[in-house]
Amino acid sequence: MKIGIITYSSAHNYGAVLQVWALQEYLQQQGNDVEVINYRPSAVDSLYKIYKPKNWFKSAFLNKCVSNAQYLKYKIRRPAMVKKYKKFEYFIAHDLHTTKPYYSLKELRKENFNYDLMVAGSDQIWNGSLSGGIDPSYFLAFGAPNIKRITYAASIGHDYLNSEDILFFKHYLNNLDAISVREQKAKELIEGYTDQPIEVVVDPTLLLDRESFDKIKEVPNTKGPYIYVHNVHLKRVDKCLNRVAEEVSKRLHLPIIHNRDDYHYKNELQKFSAGSPGEFIGMISNAAYVITNSFHATVFSLIYHRNFITIPHFQNPYRMQYLLDVLNLPNHLIADQQFLPKEMNELDIDYEKVEQLKTKLKGKSIEFLKQALDNSNKKL
């Protein structure tokens with residue numbers, strides 16, 4: 001089967017690119033020919049650009065000279081930012097099986113896609129605040145009518161819909177042959193606007209085993225054991241995360257590696273602010289301990305059987321809370337230093353039991369995709 005995936009595949013965010021890689025990999029493992037539709041709306045791409053080009057002149061040559069000067073300035077002043085940008089673009093171009101780029105729904109509608117199945121998701125593709133308003137592209141409002149259309153683990157990103165959102169969902173959900181979302185709350189928000197059943201499924205990264213991610217993992221150049229601290233907030237200082245990290249470092253006598261240029265820990269070994277997606281996996285897989293407010297850093301801690309503590313995300317703690325609850329690890333969601341156990345070994349994990357629960361958790365998601373792949377009819 002020829003399959004096309006559309007999601008935030010150009011976002012320079014570890015969770016975003018690794019979830020689409022995971023869905024691509026899982027579908028390929030089932031014997032399918034899979035492409036990632038390289039949709040790059042300006043609302044998403046502009047978030048990660050190194051600089052905004054200044055077209056001051058009528059001359060293309062002069063504007064190019066100005067652009068080169070801007071790039072050189074950032075390369076000197078913010079080398080880690082430039083290095084990380086290049087690594088993400090390399091991953092997107094080489095590890096994702098991308099099509100040529102498309103920059104608008106109009107361009108997508110002009111293309112003659114020859115897919116048997118199109119998949120929208122995962123990620124917050126229905127969060128209009130990220131995409132400059134809800135985008136019909138993420139409801140698969142393009143392509144030939146005979147192509148089967150499904151969503152996988154689509155997310156709205158918040159717990160409400162405004163009147164404009166409701167109009168979108170009423171209209172575009174009818175365009176889909178099968179619908180799955182990432183959170184129970186998303187199901188509750190939209191199930192009144194379609195007659196189709198809506199499944200709640202796991203993030204694509206949870207569909208794969210460790211050996212699959214080993215294909216893209218890059219082992220970090222570090223000496224000795226360390227705590228890896230990953231702060232997903234782009235601008236917000238997470239004081240709770242920092243206090244927990246400092247306390248665990250003190251108790252375990254381990255240095256810290258972390259991903260923030262704008263913060264320094266007392267027992268800091270090095271920073272990890274320019275890593276590729278593969279290096280991100282490697283940093284977690286080699287850590288003695290992981291402390292994070294990131295859902296995907298939590299997921300990879302689980303995949304690689306790491307000791308970890310998750311700090312609730314200040315905006316959306318629900319999916320990490322749900323994941324740890326169903327895996328019988330609720331005590332690993334720790335809001336602040338005062339809630340740490342007296343002895344760190346109280347947080348030891350029986351990963352044999354966790355793997356059994358993970359297998360059970362992803363069963364419904366695998367069945368959803370199996371039906372989509374096996375059923376040749378448009379409506380599932």
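This is a predicted model: local features need pLDDT of at least 70, side-chain atom pairs count only at pLDDT 80 or more; totals for chains, interfaces and linings use all residues.
Residues are numbered from 1 along each chain as its sequence is written, and side-chain values use heavy atoms, with hydrogens and water left out. Local features need pLDDT of at least 70 and side-chain atom pairs count only at pLDDT 80 or more, whereas totals for chains, interfaces and linings use all residues.

Strands (E, at least two residues) and helices (H or I, at least four) are DSSP runs numbered from the N terminus, and two strands pair if DSSP finds at least two bridges between them. Strand β1 (residues 2–6) pairs with β2 in the parallel sense over 4 bridges, and Lys2 has Asp33 of β2 as its bridge partner. The chain passes from β1 to β2 through helix α1 (residues 14–29) in a right-handed β-α-β crossover, that is, with the strands pointing away from the viewer, the path from the first strand over the helix to the second runs clockwise.

An open sheet of 5 strands has the order β9-β8-β7-β10-β11, with parallel pairing. Strands β9 (268–271) and β11 (307–310) stand at the edges with a single partner strand each, so one side of each lacks a neighbour in the sheet. Within the sheet, β10 (residues 289–292) and β11 are joined by 4 bridges in the parallel sense, and Tyr289 stands opposite Asn307 in β11. Helix α10 (residues 239–252) packs on this sheet, touching β7 (227–230), β8 (256–258), β10 and β11; contact denotes heavy atoms within 4.5 Å.

Conventions:
Axes are lines fitted to C-alpha atoms, for helices over the stretch in contact, and angles run from 0 to 180 degrees between N-to-C directions.
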